[in-house]
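Let's walk through this structure together, one question at a time. Have the picture open and follow along as we go.

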Amino acid sequence: MGIKTSQPGYVLQTQSAESDQLVLSLSGRVSLDDADRLLAEMENASAGRTAGVVKIDLADVSYMDSAGVLTLFRFEEKIRREGGACVTLHLPDRTRGIMGLIDRQGLSMPTLRGEKAPTGLMEAAGDAGVKFYSDFKTLMTFLGDLIAALVHLARHPGEVRWGDVLFTMRRTGAEGFPIVALISFLIGLIIAFMSSLQLKQFGANIYVASLVSLAIVRELGPIMTAILVAGRSASAYAAEIGTMRINDEVDALVTMGIDPIRFLAVPKLIATVLVLPILTLYADLFGIAGGLIVGVTGLDLTPYTYLQESQRTITLFYLLSSMLKALVFAFVIAWIGCQRGFQVRGGVEAVGAATTSAVVTSILLIVIVDSVFAVVLHYVG
Amino acid sequence: MRVDKVESKVCSRIETGKPIIAVEGLTASFGEETILENIDFEVRRGEIFCIVGGSGCGKSTLLKHMIGLLRPAAGKVLVGGMNIGAAGDRELNSIRKEIGVLFQSDALLASMTLGENVGLPLGGLTGLSQDTVQLIVRMKLAMVNLGGYENYYPAELSGGMRKRGGLARAMVLDPQILFFDEPSAGLDPVNTAELEILIREINVGLGTTIVIVSHQVELVLRLADRVMLIDRGEKGIIATGAPEELRFSTTDPRVRNFLFRTDAGQGKG
């Protein structure tokens, strides 16, 4: 007779009555934490023994959870595979109850669906291609719907939800203003500082003003503002509409005979298109102000000369093309943000994915549109 | 007489005399607004205890206090003798292994397969082999009639299946107490009946104490060993007892109103 003790819970005693009969008596608490250990101990105790009967005495078990019962089943299965038999003695009522709940056949049945096999490179490339194409198609379809809704509302301006437009203008414009102002101020400051290090060597201090104002007004102002608004608002549009989709609010609108694009997307589009050029103007202003600080404190320029030089650099054409860019960027932000929201299917997880995708896609499109503008304006200007 | 019968049924499953949950002088409030005021009750080991009441009466708030998600404004909530209202995080986590919760929405994580969801609570236990974890998951899924569905994502399952999946996850550690928040919400009568049978099986087979929060009187009357009715105006308990006792001996118009609406449903069920 040998005794094996384990720190917590149970005690397993091995009693060999006859050569072909093994009695294991289990006592104490048999719980989930000990499941693997108990199985190993029982297998050890029965090891090296040819076919015979293994009896498991459960008389002194004070507690056994379903994982404990599962362990007994696993042991029994092993003994049976080796040609032996396994019998439980003094089965407590509670353990019997648990046994009744466990579907033994089900434990060895194959799953209804195997685990997902990893996809090959070609397959993955094909999937990506198909996904890109279908994504492109839905984006364009939505663009068509959006334009149709805009045309309809242009003819019936009374149907536009102007309250919602104002609300979105405040959220996107007024509430976005501080961060846009701060970032463009700092960008102006950085460009002025970096360029002054070089231009100072040639005594060309005054050109810092030209460089900053040109860079800010032509490129950085519109694009930085658009990226910031895409981050703040495209994500918000996607999350809002996406959540509404999950809560069946969009479907509710449809059943009430309300076009969800006119109701939800158009006010956001109008608000963004109205607000982004204004934000861009502010960004230009603050960027130049940032450069001015460097010019006045570090380059011995007077504010007057700095501003005069800036004014000479910025032509009306630059300013107008910058506003035009902002308009197009605004359209892209609202278009992508809303489309990603409407695209949401399934659960909350899809809202997160839509939000990320709204930001990434709109920034990507903004940069693409900006490069098109750069080429076109080069030839036009 | 019927009361005695119910009591004896409960007693046979009680292992120790102490109540598994004791709520003493609990006051629950959000800021200035008091939802429940100075309430006392006990849940006995092994029983199916139902908390019912109209919408907004504070039954979900009470449930959140019992599982330690909210802290009481005053009073104590003793689960297995530990005051979880005043317990530290470590103590709370140890008691949380002894409780399982099935939320109103199934609360399965959408990004994981059903098998991974059910195995989630096992992740904290070291020393379990992968085989064992898989077998335990499989066993629990089979218990809720979802054998073989390990590799399905929650979004691919019906509402009833998701609910049962949530139940499998709640009971994977063989908790002593299972809490159900509106178990029949969003389920059709067939699925509800199936869930009721499961709840009863778990209660009898595993000896799990079950606490159900619901406004579904029919379900409660069919399942409960004891019912507790809370009222919004009263901010507390207006009746406690076995369902039959409440139905036939109460004179309180609020209790009668809440329970007798269901006579037609009872007749059919």
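Q: Keep in mind that this is a predicted model. Which order do the strands take in the open sheet of 4 strands in chain B?
A: This open sheet has 4 strands, and the pairing is antiparallel. Read across chain B, the order is β2-β1-β4-β5.

Q: Which strands of chain B stand at the edges of that sheet?
A: Look for strands with a single partner strand, since one side of each is then left without a neighbour in the sheet.

Q: How many bridges pair β1(B) with β2(B), and which residue is the bridge partner of Val23(B)?
A: Strand β1 (residues 21–30) of chain B runs antiparallel to β2(B), with 7 bridges between them. Follow one of these across to β2(B), and the partner of Val23(B) turns out to be Phe41(B).

Q: Which residue takes a positive phi in the hairpin of β1(B) and β2(B)?
A: The hairpin has 2 residues between the strands. The one with a positive phi, near 60°, is Gly31(B).

Q: Over how many bridges does β3(B) pair with β8(B), and over how many with β9(B)?
A: With β8(B), the strands run parallel, joined by 5 bridges; there, Val52(B) stands opposite Ser214(B). Strand β9 (residues 226–231) of chain B is also a parallel partner of β3(B), and Phe49(B) faces Arg226(B) there. The counts are 5 bridges for β8(B) and 4 bridges for β9(B).

Q: What span should helix α7 of chain B have, and what is the distance between its end C-alpha atoms?
A: The helix covers residues 189–205, which makes 17 residues. At 1.5 Å a residue, α7(B) should span 24 Å. That agrees with the distance between the end C-alpha atoms, 24 Å.

Q: Within what arc do the buried residues of α7(B) fall?
A: The buried ones are Thr192(B), Leu195(B), Leu198(B), Ile199(B), Ile202(B) and Asn203(B). Looking down the helix axis, you see them line one face of α7(B), because they fall within an arc of 130°.

Q: Which residues are exposed on the other side of α7(B), and which elements do its buried residues pack against?
A: On that other side, the exposed residues are Pro189(B), Val190(B) and Ile197(B). The buried residues of α7(B) pack against β3 (48–52), α6 (159–170), β7 (177–181), β8 (209–214) and α8 (217–223) of chain B.

Q: Why does Ala168(B) count as buried?
A: Ala168(B) sits in helix α6 of chain B. Leaving out residues up to four places away in sequence, it touches Val118(B), Lys140(B), Leu141(B), Met143(B), Val144(B) and Leu146(B). Burial goes by the number of C-beta neighbours inside 10 Å, and Ala168(B) counts as buried because it has 28.

Q: What percentage of the 269 residues in chain B is buried?
A: Zooming out, chain B has 11 helices and 10 strands. Among its residues, the buried share is 44%.

Q: How many Å separate the centres of the two domains of chain A?
A: Chain A splits into domain 1 (2–108) and domain 2 (134–380). Taken over C-alpha atoms, their centres are separated by 69 Å.

Key: Residues are numbered from 1 along each chain as its sequence is written. Chains are lettered from A and ligands numbered from 1 in the order in which they are written. This is a predicted model: local features need pLDDT of at least 70, side-chain atom pairs count only at pLDDT 80 or more; totals for chains, interfaces and linings use all residues. Domain bounds come from an automatic or database domain assignment. The expected span of a helix is 1.5 Å times one less than its number of residues. A residue is buried if 20 or more other C-beta atoms lie within 10 Å of its own, exposed if 12 or fewer, and partly exposed in between; C-beta atoms are placed from the backbone. The arc is that of the directions from the helix axis to the C-beta atoms. Two residues are in contact if their C-beta atoms, placed from the backbone, lie within 7 Å. Two strands pair if DSSP finds at least two bridges between them.
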